[in-house]
Amino acid sequence: MSVLASFRDSSRAAPLLERIRARETGPVALMEFCGGHTVAIFRSGIRSVLPEHIRMLSGPGCPVCVTSNMDLDRAAALAKLPGVILTTYGDMLKVPGSRESLAQVRAQGYPVEIVYSTLDALRLAGQHPDKQIVFFAIGFETTAPAAAAAVLQARARGLKNFSICSVMKLTIPGARALLDMGEVRVQGVIGPGHVSSIIGADAWRFLPDVYRVPVAISGFEPLDILASIDALLAMLEKGNADLANLYSRIVKPGGNTKAWGAVTEVFETCASSWRGFGNIPDSGLALRPQYAEYDAEHRFPIDIPDSVEHPACRCGEVLRGVIEPVDCKVFGTACTPEQPLGPCMVSSEGSCAAYYNFHQSTHTKTRHATEQ
Amino acid sequence: MKHTHILLAHGSGGAMMHDLINDLFLPAFDNAELRKGNDQAVFEKQDGRLAFTTDSYVVQPLFFPGGCIGDLAVHGTINDLAVGGAMPLGLSVGMIIEEGLEIDTLRRIVQAMHTAARDAGVPIVTGDTKVVERGGCDKLFINTAGIGVIPDGVHIDGGSARPGDAILLSGRIGEHGIAVMSERRGVRFSTPVVTDSKPLHRLVQRMLAVCPDIRVMRDPTRGGLGATLNEIASQSTVGIEINEEALPITAEVQGACDLLGLDPLYLANEGALVAFVPETCADALLHAMRAMPEGEYACHIGNTIADMPGLVRMKTGIGGTRVIAMPSGEMLPRIC
Ligand code: SF4
Ligand code: SF4
């Protein structure tokens, strides 16, 4: 059996599920911060096998979803500047900003290019010396090293036409902000695997230490996630909050110091506005003054009109774990992956999209089908 | 040919265009029908019903592990005929070339088309070339159309699946999608994933010989197995239940999917077909399919059910269930 198959083997899932069902914790709500986990949980049908008293909440862990309309509007304005080619990751394109999405901006004839990596953006800069390539950088700690590497490379190669509009965010201040709000009761947290591989498992110690909330760092395989749920329940059963690193094949206690070193060389923390949360101090990454020439905000100062949200969209509450996507009135009706009103329905890691795509009882087609 | 790149004049209809056709296309596609130099191909009277299909190929990049836009265009059109039960008679090729394309690149692609058509035994009998200004298209677009004959007694139709039918898959899934994606993103895997692109008409003829009342057949190209199953579920108004553990996916494809955050169910395939067949034929069909190289990995992935018409559901490896929805938009790799 391949290594991979061994992480989704039904014969190994069954005893884990037995254990999960047998644990005496009473009703619990566990939150996965990471959008990748939300999708993996749906994709593997984990929700359908968990006992009812265990609720899984999805958190703010999708970088597309937490990007604020203000920042989206800024990206749209940058794309409309003469001589600028705006580049970004694909999912960003369909997110409706205050007035228009980047896809609509592109349809009007402004150059917006999807790139698969920062290196693609750098390559474009090399190919179009007469244009200014602006990379609209979203993401968490996981994507930051690639953005930092792009800046360092641009400097090394003397590229004068490459800059970054950074709206990258840090998960730890985001998680703190969520817990400080006290809106939702989270009894355990499934910690993000990829983020932790960069910043280290120990970065999450504050959860048990400060908030008394157990945390399990998890991989993305079904068995990884089941094992993490079991570990959280075990801690809850004993009443002790601790940190369990169940993704130690990738995540080290101290993380990847080399990658993080590049990030801190190029970026410093700044306040950042999160959809659903507002401004969170020290939760964003901005280019340091010595790299100002690669900072799009510095290079292209622009005024953008006040941002507005779609009145029906409840993405903010979905992202804070206060409501589930199905509680949003427009879910699956006015808001679908084809016609999204909010980012949570757009992003491949967004919770509304995950509910819509994988969840039987909430699926419009199911409703239609069972009516027959 | 003295030029190294395609110029607008290559599409002018003048001497340069003749050179291009005579030096590059004709020798590669050579066959009696084409050599006549007429404006149309002529087929003799046929027994059976005619099947006709067309598709345009705009894949980026032009070359990817295991293939290129050229053989893809040939296989794709053959397969569109094949899954209707038709034996292909001939193909047409329309090339829309962007000014500036290297002639060597074009030659390699034309050569690949030649090889693909020859190996499949399906001639390219007519063609057309246009050159558009730089920026007018992305390097090269190919349109292929094909004509084939469906033998009497064969009635394959997307609306014919019935509850209780067995669903067979002829090959492994996701390889083409990952091959193209890896080339596009410049990611390399330790064992490279190559496209599964291949013609399926011989496999289909063999299958029809074993079970003439195959109800539905389709090749899950863009949108992958997920989209195809959804199409058939709603065309035939049946429910579909498949089994994750039965799906043939290589560890390389699964690994790449995990890395990129993609779902193999929605990745494009170019050399696999799904068939909805009476349960009583399933075993004999599997046996016959596995005896052919293009059906080596054939397997029974699930069944149609009377419940929940229009819905596709999967039993997952850990014993749960999930809905397989119609994909929306292009599948994009995860951001982080
Ligand atoms: S950055 Fe990676 S770990 Fe974090 S939310 Fe996205 S997929 Fe999950
Ligand atoms: S259903 Fe649409 S509008 Fe409602 S929260 Fe989700 S994305 Fe926002």
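Where in chain A is A:Arg212 found? A:Arg212 sits in the loop between helix H10 (206-211) and strand E8 (215-217) of chain A; helices (H or I, at least four residues) and strands (E, at least two) are DSSP runs, numbered from the N terminus.

## Basis of the model

This is a predicted model, in which local features need pLDDT of at least 70, side-chain atom pairs count only at pLDDT 80 or more, and totals for chains, interfaces and linings use all residues. Residues are numbered from 1 along each chain as its sequence is written, chains are lettered from A and ligands numbered from 1 in the order in which they are written, and side-chain values use heavy atoms, with hydrogens and water left out.

## Chain A overall

Chain A contains 16 helices and eleven strands. Its C-alpha atoms fill a box of roughly 65 × 55 × 45 Å along the principal axes. The radius of gyration of chain A is 21 Å, which agrees with the value near 21 Å for a compact globule of 372 residues; this radius is taken over C-alpha atoms, and the globule rule is 2.2 Å times the number of residues to the power 0.38.

Of the 372 residues of chain A, 59% count as buried, where buried means under 20% relative accessible area, exposed over 50%, and partly exposed in between (1.4 Å probe, protein chains only). The accessible surface of chain A is about 14,600 Å², and 52% of that belongs to carbon and sulfur atoms; the areas come from the Shrake-Rupley method with a 1.4 Å probe, and for residues only the protein chains shown count as cover. Among contacts (heavy atoms within 4.5 Å) in chain A between residues at least 6 apart in sequence, 78% join residues at least 24 apart.

Ligand 2 is surrounded by 13 residues, the closest being A:Cys313, A:Cys315, A:Cys328, A:Cys335 and A:Cys352; a residue belongs here if one of its heavy atoms lies within 4 Å of the molecule. By class, this shell has eleven nonpolar, one polar and one charged residues. Ala, Val, Leu, Ile, Met, Phe, Trp, Tyr, Cys and Pro count as nonpolar, Asp, Glu, Lys and Arg as charged, and the others, Gly among them, as polar.

A:Ser58 lies in strand E2 (residues 54-61) of chain A and is buried, because its relative accessible area is 7%. Leaving out residues up to four places away in sequence, A:Ser58 touches A:Met31, A:Glu32, A:Thr38, A:Val318, A:Leu319, A:Gly321 and A:Ser351.

Eight of the eleven residues of strand E6 (residues 140-150) of chain B are buried. E6(B) runs antiparallel to strand E1 (residues 49-57) of chain B, with nine bridges between them; pairing requires that DSSP finds at least two bridges. E6(B) also pairs in the antiparallel sense with strand E4 (residues 87-98) of chain B, over ten bridges. B:Gly148 in E6(B) is the bridge partner of B:Ala51 and stands opposite B:Pro88.

B:His75, in helix H3 (residues 69-82) of chain B, counts as buried because its relative accessibility is 9%. Not counting residues up to four places away in sequence, B:His75 touches B:Ala116, B:Ser197, B:Lys198 and B:Pro199.

## Backbone geometry

Most residues other than glycine have a negative phi, and most peptide bonds are trans. A:Arg212 has a positive phi, near 60 degrees, and is exposed at 54% relative accessible area. Phi of B:Thr237 is also positive, near 50 degrees. The peptide bond from B:Gln60 to B:Pro61 is cis, with omega near -5 degrees.
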